[in-house]
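Me: I have a model open and would like to learn how to read it feature by feature. Could you walk me through it?

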Amino acid sequence: MCDFIKKIEINKMKEIPTRYQPNDVEDKWYAHWMDKNYFHSEPDDREPYTIVIPPPNVTGVLHMGHMLNNTIQDVLIRKARLEGKNACWVPGTDHASIATENKVIKMLKEEKGIKKSDLTREEFLKHAWEWKEKYGGIILDQLKKLGASCDWERTRFTMEESLSKAVTKVFVDLYKKGKIYRGLRMCNWDPKVQTVLSNEEVEFKEEHSKLYHVKYRIEGTENEWVTIATTRPETILADTGIAVNPKDERYAHLKGKNAIVPLVNRAVPIIFDNYVDMEFGTGCLKVTPAHDTNDYEIGKRHGLEVIDSFNADGTLSEAAQFFVGEDRFVARKLMAAELEKLGQLVQTEDYQNSVGRSERSKAIVEPRLMLQWWVSMDGFAKTALDAVKDGDVDFFPKHIFNMYNSWLKEENVRDWCISRQLWWGHRIPAWYYGEEVFVAETIEEALAEAQKKTGNAALTTDDLIQDDDALDTWFSSWLWPISVFDGFENQDELNYYYPTNVLVTGWDIMFFWVARMIMAGYEWSGDLLENKPKYPFKDVYFTGMVRDVIKRKMSKSIGNSPDSLKLIEKYGADGVRFGMLSSAAAGNDIIFDAPFIDPKKQLAVKDESDNCMQGLNFANKMWNGMRLVLSWKIIEQPLNEDLGRVNALAGQWFESLLQKNIAALEESYSQYRLNEGVMGLYNFIWGDFFSWYLEIIKPPYGEGIDRKTYETAVNFFERLMTILHPFMPFVTEEIWHLLKERKDGEDCVISRYPTAGAFDEKLLADFEATKDIISKVRDIRTKNGLKKHEPLKFFVQKTDGVEQLLSREGLKETIIRTAVLESIVFTDSEPENGVAFISGPEKFYVIVEKEIDVEAEREKMTKELNRLQGFLTGIEKKLGNERFVNNAPEKVVAMEHKKKSDTEAKIKNLEEALAKL
RNA sequence: AGUGCUAUAGCUCAGUUGGUUUAGAGCGCUGCCUUGACAGGGCAGAGGUCAUGAGUUCGAGUCUCAUUAGCACUACCA
C-alpha cells in the first residue's frame with residue numbers, strides 16, 4: 001500500500017483513473033481493517049457502545065432486509081468507534097429449529113434417500129450439525145462484503161455450549177418460580193413438520209373454500225332435521241354436540257333432545273350457548289371439541305366428549321371410524337360425497353374464510369389438543385410493557401408502541417407455548433418417571449429429586465425418560481443480549497457491555513423477540529449484575545419492511561428481491577449502503593427500486609437500482625474531487641493579496657458551514673434519522689464542498705496553489721471523509737489514504753470524529769447572498785451567450801445593505817473572481833446595456849455588449865413581478881385584518897411588516913428595470 | 001369487525017410546539033453545454049387545489065371530526 005501511495009506522490013494524476021472502481025478497493029480495505037483487528041473489542045476504561053446483532057437464521061442468505069438492518073447497525077457502530085468509544089458489535093446466528101430441521105430433512109431425503117424416521121435422534125443431530133458446519137456461515141461472510149464491522153472473534157451461535165447451558169438454566173429457574181408449566185391446551189399443530197407452533201408462527205390469510213350445509217336428524221324422529229354449516233365436513237365424524245343460541249326461537253323446542261351425527265350415527269346433545277351467532281348460516285353450529293379452539297371451549301362449558309379423529313400427520317385416525325388413514329383433505333371430499341349420497345348434504349356454497357398456515361412449512365395448521373410446555377405471561381407482560389411506558393427503553397419511531405401495547409396488554413396477551421416436537425434445538429430438561437415430572441439442569445439432579453420424591457433410592461437414570469421435545473428457538477434468542485457475553489456463567493464482560501445501547505430490528509419480530517428480550521432482561525440481569533439498568537437495550541430502532549416498487553414485501557416466493565451480492569458487485573457496498581439508507585426514512589417501510597420497472601422498456605430490470613447508482617455516482621464525485629485537489633501544484637510564495645483574501649474568506653465560510661452540518665448530523669443521529677443524515681452530507685459535500693468551495697479556491701489553469709489553502713482544503717476533505725465514513729466506509733478510507741501520506745495505523749476507520757463547534761450565522765447568510773449573486777451572473781452569461789472566461793462589467797445599485805455585504809473582507813473579490821467580473825462599481829443610476837437582476841432586495845447590473853433578448857427578459861421579469869405582487873397582496877390583506885394585528889404575536893406582525901417592505905423594494909426595482917427595457 | 005399507521009411534485013421523502021416567503025430536497029423528466037477533476041459531469045427549466053369534506057383559529061400541509069384509499073396488527077368467520 002505504501003508503494004502505491006509513493007507512486008501517487010511522484011505523479012499523482014496520471015496514476016489515478018477518472019472513474020472510481022469500488023470492487024478492489026473494498027476487498028482491500030476490509031482485509032486491512034481485519035488485519036489491524038479494529039473491530040475487536042475488549043473491556044477497558046473507555047465508554048462502551050454495544051450492539052448485538054439480531055441473529056439471522058443459520059440457514060439464511062443475505063436478503064434486502066438484512067442489508068438494510070445491518071447497514072444501519074454498522075453506521076451506528078462505526079460512528080461510535082470514530083467517537084473514541086469502545087464499540088462492540090456482536091455477530092452470530094440462531095439455530096432456527098423448524099427451518100433448519102426442514103432443510104436437513106429435505107437434504108437427507110434428496111441427497112441420501114434417508115427419512116427422518118429411519119434415524120435415531122443422535123444420528124439425525126449428527127447430520128444436522130454437519131449441515132450447519134457446511135452452510136451455516138454463509139450469511140456472515142456476506143455481511144463482510146457489505147462492510148459490517150462486527151467483532152467476528154465474538155461470533156456466537158444459539159446452540160453452542162454456553163448459550164445452551166443458559167437456556168437450560170433459565171428453563172429450570174422459571175419452572176421453580178412457577179412461571180413455566182405443562183398444560184393441555186388447544187395448540188397450533190403443523191401436520192407436515194409435526195410440531196406445535198406458537199400463535200406468532202401461524203399466518204392467517206383469506207382463502208377460497210366451500211361452506212357445506214349438512215342436515216342432522218333429531219333423535220327419536222323420522223323426519224325432523226337441523227342444518228348446520230361447516231367448512232370442514234371431515235370433522236363431522238368427531239362431532240359431540242350441536243349448539244344453538246339460547247335466544248333463538250327457531251330451536252327452542254329442541255331443548256333436551258339429541259341429534260344424530262351422520263355416518264357414525266352418534267347421538268349428541270343439542271346445547272344452548274351464547275357463542276353461537278344467530279345470524280350466521282343456519283344459526284346452528286356443530287361442535288367438535290377436539291378440532292376447533294372455540295368448540296373446545298364450548299365443549300368444556302357443557303361437558304361434551306372430546307373425540308380426536310386425526311393422526312399427527314393429518315390423516316384420519318381409528319376414532320374417525322370412516323376414511324381411516326386418508327389425508328384430511330381427501331377425507332373432506334369423500335365425506336362430502338358420502339353425505340350427498342345419504343341426502344344429507346343440503347347445499348354447498350363458495351366461501352372465503354381465513355385459513356391459518358405454518359409460517360415455515362405453509363401447511364394448514366390443525367388445532368389440536370396437546371400437552372405442551374408454556375411460559376406464563378403473568379407479570380412478564382406488565383414488565384415488558386412498563387419498560388417502554390416508563391421510558392427505560394425508547395422506541396424509534398415512537399408510534400410502534402401502540403402495536404406493542406395492544407399485544408402485551410392484559411386482555412390480549414397469551415401464554416407462550418415453548419415446546420416443539422423437533423430434534424434440532426435445545427431439548428427440554430424435564431424427565432419423567434411414570435406420571436411424575438422432574439425438571440433439572442442435569443439428569444443426575446433430576447434423578448436425585450425423583451429418588452427423594454418417590455422415596456425409592458434404587459432409582460437409576462435408566463428409569464427416567466427425558467421429554468422428547470425441543471424448545472422454541474426464541475426461547476434461546478430472548479437471552480441473546482446476556483448470553484452472547486456468557487453472562488449466565490460469569491459477569492466479567494456482561495458487567496461492561498450490558499445494557500447494550502441500541503437494538504436495530506424489523507417490527508415484524510417485535511413480539512417474537514423484542515418484547516421477550518425485555519422480559520428476560522428484567523427477569524435475570526438484576527440477579528447477575530448490581531447497580532445496572534435491567535433493560536437489555538436503551539433504544540430500539542425498528543426498521544420498515546423492504547418492499548418493491550409496487551409495495552409488495554420482498555420475498556423469495558415472489559422472486560421480487562434483488563440479489564444482494566450482485567448489487568454490491570455492480571454499485572459497490574458503499575453504493576448499496578447509500579441506496580438503502582437514502583430511501584430508508586426512519587420507521588417507514590422502504591420502497592426499494594430494485595428490480596424496478598424500466599419506464600421506457602416497461603420491463604422489470606433485475607438487480608438494478610437508481611438509488612444505488614446515486615451512491616456510486618456520489619463516490620465517483622468524491623473521487624474526482626480528490627483528483628482535482630491532488631492535481632494542484634503547491635507553490636511556497638504567497639499569492640497576490642486579492643486571491644489570499646478570497647481563499648481566506650472561503651476557508652472561514654466553509655469552516656462555519658462544516659460546524660453547522662456536523663451539528664445537524666448529530667441531531668439526525670440522535671433521532672436515528674439516518675436518511676436525513678446521509679442526504680444532508682450528500683448535499684453538503686457535493687453542493688457546498690465541491691461545487692462552491694473547491695471552485696472558489698481552484699487556481700487558474702496552469703497556476704499553483706499556496707500551501708496554506710491547499711492544506712486547509714485537504715483538512716476539510718479529510719474531516720468530511722471521517723463524518724461520511726459510517727455511511728460509506730470504503731470510499732472514504734480510500735480517499736483518506738490517497739489525500740496524503742499516512743503513517744501505519746493512521747486510518748479513516750479509527751480517525752477522530754469532530755465535535756460540533758460554534759459557527760457564524762451572519763457569515764453563512766452573507767455567503768448565501770454571495771452565491772446567489774454569482775449564480776445569477778452566470779445565468780445571464782449563459783442566457784446571453786457570453787464566453788465563460790470573458791470578464792464582465794458589473795454595477796450595484798447602492799444601498800446600505802449591499803455596501804455592508806460587500807465590505808466583508810474578501811467577499812467582493814470572491815464575487816469578481818468566481819463570477820469572472822472586471823470589477824464591482826456602485827452606482828445610483830441605470831448603466832447602459834445593463835441586464836438587471838434582483839438578489840435579495842438588491843439590484844445589480846451586468847453589462848452585456850450585445851443585443852439583449854428583450855422579449856425573454858421582459859417575460860421573465862413580468863412573471864417574477866406578478867408573483868411578487870400576488871405575494872404582496874396576501875401580506876397586505878393580512879395586515880389589513882384588524883383581528884390579525886390585534887391577536888397575532890408582535891413578532892409575527894413585525895415579520896409581516898418586514899416581508900412587506902422587502903417585497904415592495906423588490907417590486908420597485910423590478911418595475912424600474914422593466915420600464916428601462 | 002376492532003385497532004394502529006400512512007396519504008404533500010412522475011417516484012422516494014422533508015416540512016420540528018399552527019405564523020420566514022401563494023410548500024422544499026433527492027431521483028427521474030425536458031432543454032442547453034464537452035479543450036484541463038468528474039457525461040457516473042455542469043447549467044437551466046417544467047412539474048403540487050398538500051387524498052376528500054367540514055370544523056377550530058386573526059391565521060391550517062400542520063390541530064379536531066367525518067369520509068375515502070393503501071398498509072399492517074389483533075380477533076372471528078361454524
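Me: Let us begin on the surface: which residues form a nonpolar patch?

Reply: Patches are built from residues with over 30% relative accessible area and no salt bridge, joining like charges within 9 Å and nonpolar side chains (Val, Leu, Ile, Met, Phe, Trp, Tyr) within 5 Å. A salt bridge here is a side-chain nitrogen of Lys or Arg within 4 Å of a carboxyl oxygen of Asp or Glu. In this structure V61, Y135 and I138 form such a patch, and together they have about 220 Å² of accessible area. Areas come from the Shrake-Rupley method with a 1.4 Å probe, and for residues only the protein chains shown count as cover.

Me: Before we go on, what should I know about the model and its numbering?

Reply: It is a predicted model, where local features need pLDDT of at least 70 and side-chain atom pairs count only at pLDDT 80 or more, while totals for chains, interfaces and linings use all residues. Residues are numbered from 1 along each chain as its sequence is written, chains are lettered from A and ligands numbered from 1 in the order written, and side-chain values use heavy atoms, leaving out hydrogens and water.

Me: How many residues surround RNA strand B?

Reply: A residue is near a strand if one of its heavy atoms lies within 4 Å of it. Here 60 residues surround RNA strand B, and A229, T230, S354, R414 and F871 are the closest. Of the RNA strand B atoms that come within 4 Å of the protein, sugar and phosphate account for 57%.

Me: And which residues make polar contacts with sugar, base and phosphate?

Reply: A polar contact is a pair of N or O atoms within 3.5 Å; within protein, one must be able to donate a hydrogen and the other to accept it, and residues adjacent in sequence count only if both atoms are side-chain atoms.
A backbone N or O atom of T230 is 2.3 Å from a sugar or linking oxygen of RNA strand B. K863 has a side-chain N or O atom 3.0 Å from a phosphate oxygen of RNA strand B.
Several elements give two or more residues to the surface near RNA strand B, among them β8 (225-230), α19 (610-631) and α27 (854-880). The largest share, ten residues, comes from α19.

Me: What about backbone geometry: which peptide bonds are cis?

Reply: One of them runs from F396 to P397, with omega near -5 degrees, and P397 is in the loop between β15 (394-396) and α12 (400-408). The bond from Y498 to P499 is also cis, with omega near -5 degrees.

Me: Which residues other than glycine have a positive phi?

Reply: They include N265, with phi near 55 degrees, and F323, with phi of about 55 degrees. N265 is exposed at 56% relative accessible area, whereas F323 is buried at 18%.

Key. Helix = DSSP H or I, 4+ residues; strand = E, 2+ residues; numbered from the N terminus. Buried < 20%, exposed > 50% of the residue type's maximum accessible area, 1.4 Å probe, protein only.
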